[in-house]
Amino acid sequence: MLELRFHGFGGQGVVTVAELTGLAGHNAGIWSQTMPYFGPERSGTPVEAYARFSDSRCRSRERIINPDWLIILSEKLLANPDILRGIKKTTKLLAVSSNEPAILIKKYPQLKKITAGLFSLDADIWAKHLGNTLMSNTVILGALSKLTGVFGQANAVTAIENKLAGKNKTIIDLNKQAVHLGYENIHR
Amino acid sequence: MKTSIAKTIMLDGSRAVAEAVRLAEPSLVAAYPITPQTHIVETLSRWQAAGQTNYEYVRADSESAAAAMVLGAAAMGEVAYTATSSQGLLHMVETLYNAGGLELPFVMTLANRSVSAPINIWNDLSDAMAIRDTGLIMLFAESNQEALDQHIIAFRLAKELSQPVVVNLDGFLLTHTSEAVCVPSAKLVKDFLQVNRTKHNQHLDTAHPNTIGHLFMPEDFQSRRQNLQRKLVGALPIIEHIYQDYYKKIDTAGLTNYTTTNTGHLEYYGPQHANTVLITLGSIAGTIKDALDDFNKKTKKPVALLRLKTLRPLPISNLQTILKHKKYLAVLDRALSVGACPPLAADIAAALNGQSLVSLVGGLGGKDIERSDISTMIKLARAGKYGPHFI
């Protein structure tokens, strides 16, 4: 069982990126489950989402308490102690930020508690580079295809095709490029 | 048989339900959107607008109107569907009593959510417990797969029994959770649903004008209600037969492990000799199963789970047979009957003829029940003090 917990704000696509990892995991032949936890129903409030991957059906429906991975979609959240609740010695963290992990630790001392691996990804800049900041989700998906070991880049690309079925080809192609950029541009 | 992951697709519970409804081919879908049910009717509305389906879709002006529309369609002999949650369900209650009493068949999804006040959009079973006495058949799903299966089963049940059926699935925990689901082919579902509809002399028909829902005098009313009671209790073997037929004809069975301890009425999970049993409804059973697998590895006194799939009619003799020699029973309710015994505990206690049990309450308004809470539940079950204990 591998458990991912995503933190972000409503409107950032927190739920979508979790769902995409579920699709990618499923494409890799892994039993996957993804689940949102909404605050009050409006944009800008904190949102969490969860993804579970297992060799057998994921039956538990509790929120993810002891995550193997934390994915933080906004640098602003790195100062919030709540994001680190339930972390284990083996918990790793991927933050969306233009700063390298070494700088993030200086800015947000609580990140010293993450000893197994701290990564950052400038997903918003790469998405902007492709012409649409909404695509930062698929940049993150690309990074997770490299980092988590659950699914590969090809599974992530198929997940995009599943999710965007019926959309025009240009959008799908741009999202595929976003996966690739995420895969290639992780800061350790 | 184990259904391979390759036969499944990732669907959230709302979409799984919408797929089942599409496959069942109702002639009317009438609903009013409410969280967490909205995605179901949005999907059905979108498909209809795109010309992919044959049903009429009516965005009713309230849940009360939606319930009246499906009741009216059923009175005309049409197959009708609606969906709601929480406060929306409460708007429907008057009509639901009528549908139950008039034996007018339709299928309803209840995406379970708490009931105000305080206002809260998250999951518990307070809404479902408000309609236990309406005469609707009530099914409860543990997973998105089972939600899909139970909806197709519900269309057959409604048709064969001429009685409305409500399928409960937990709001957010299922409606908004994506997982692998096997969607059966349209042909298999069509074959399964191909049964002669009970001839019902209550259909409204302009060629043969008649009245339904007329006044019953005191000398007739009780016997009519008594017949309804008999009908619902007598539906248990029919429900069982239809489940068996479903898993024989439709190949999602590998996912639900249909056996003698996993019937149309209930599922018993864990060692047969377990002397302690936790009893509950709905998707929390999944979390309990995982917790029990861990717990039972480390103990000589294992614990089992009994999950009811059918709450109305209540499978009393099944419950008695399975639970008769169990030493410690605990019933987990996710609803209250304020000021009295919680509803599921009251049902089970009455069914078991004085066998003692412990009442637990948890998960109200979306409060998370974690795997670690299950060991607390086991301790309370074995301590034997009635409660209710709030988890």
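Reader: Domain bounds come from an automatic or database domain assignment; on that basis, how many Å separate the centres of domain 1 of chain B and domain 2 of chain B?

Author: This is a predicted model, in which local features need pLDDT of at least 70 and side-chain atom pairs count only at pLDDT 80 or more, while totals for chains, interfaces and linings use all residues. Residues are numbered from 1 along each chain as its sequence is written, and chains are lettered from A and ligands numbered from 1 in the order in which they are written. Chain B is divided into domain 1, which covers 5–199 + 235–249, and domain 2, which covers 266–390. Taken over C-alpha atoms, the separation between the centres of domain 1 of chain B and domain 2 of chain B is 26 Å.

Reader: Which element gives the most to the side of domain 1 of chain B that touches domain 2 of chain B?

Author: In contact (C-beta atoms, placed from the backbone, within 7 Å) are 24 residues of domain 1 of chain B and 20 residues of domain 2 of chain B. The elements that give two or more residues to that side of domain 1 are helix H5 (126–129), S6, S7 and helix H9 (236–249) of chain B, where helices (H or I, at least four residues) and strands (E, at least two) are DSSP runs numbered from the N terminus. By class (Ala, Val, Leu, Ile, Met, Phe, Trp, Tyr, Cys and Pro nonpolar; Asp, Glu, Lys and Arg charged; the others, Gly among them, polar), this side of domain 1 of chain B has 14 nonpolar, six polar and four charged residues. The element that gives the most, with four residues, is S6(B).

Reader: Which strands of chain B are the edge strands of the open sheet of seven strands?

Author: The order of this open sheet in chain B is S3-S2-S4-S5-S7-S6-S12, with mixed pairing. Pairing on one side only, the edge strands of chain B are strand S3 (56–59) and strand S12 (310–312).

Reader: Why is one side of each of S9 and S15 of chain B left without a neighbour in the sheet?

Author: Six strands of chain B form an open sheet in the order S9-S11-S10-S13-S14-S15, with mixed pairing. Strand S9 (266–269) and strand S15 (389–390) of chain B stand at the edges, so one side of each has no neighbour, because each has a single partner strand.

Reader: Which helix of chain B packs on the sheet, touching S9, strand S10, S11 and strand S13 of chain B?

Author: S9(B) is joined by four bridges to strand S11 (303–308) of chain B, and these strands run antiparallel, with Tyr268(B) standing opposite Leu306(B) in S11(B). Packing on the sheet with a direction that makes about 165° with that of S11(B) is helix H10 (284–297) of chain B.

Reader: How many residues of S11(B) are buried?

Author: Buried means 20 or more other C-beta atoms within 10 Å of a residue's own, exposed 12 or fewer, and partly exposed in between, with C-beta atoms placed from the backbone. Val303(B), Leu305(B) and Arg307(B) point one way from S11(B), and Ala304(B), Leu306(B) and Leu308(B) the other way. S11(B) is largely enclosed by the rest of the structure, because the number of its residues that are buried is six of the six.

Reader: Which element supplies the largest share of the side of chain A that touches chain B?

Author: The contact takes 18 residues from chain A and 17 residues from chain B, and helix H1 (14–27) and strand S2 (31–37) of chain A each supply at least two residues of the side of chain A. S2(A) is joined by two bridges to strand S8 (178–181) of chain B, and they run antiparallel, the bridge partner of Gln33(A) in S8(B) being Glu179(B). The largest share, six residues, comes from S2(A).

Note on methods: Pairing = 2+ DSSP bridges. Contact = placed C-beta atoms within 7 Å. Axes fitted to C-alpha atoms, helices over the stretch in contact; angles between N-to-C directions. Domains from an automatic or database assignment.
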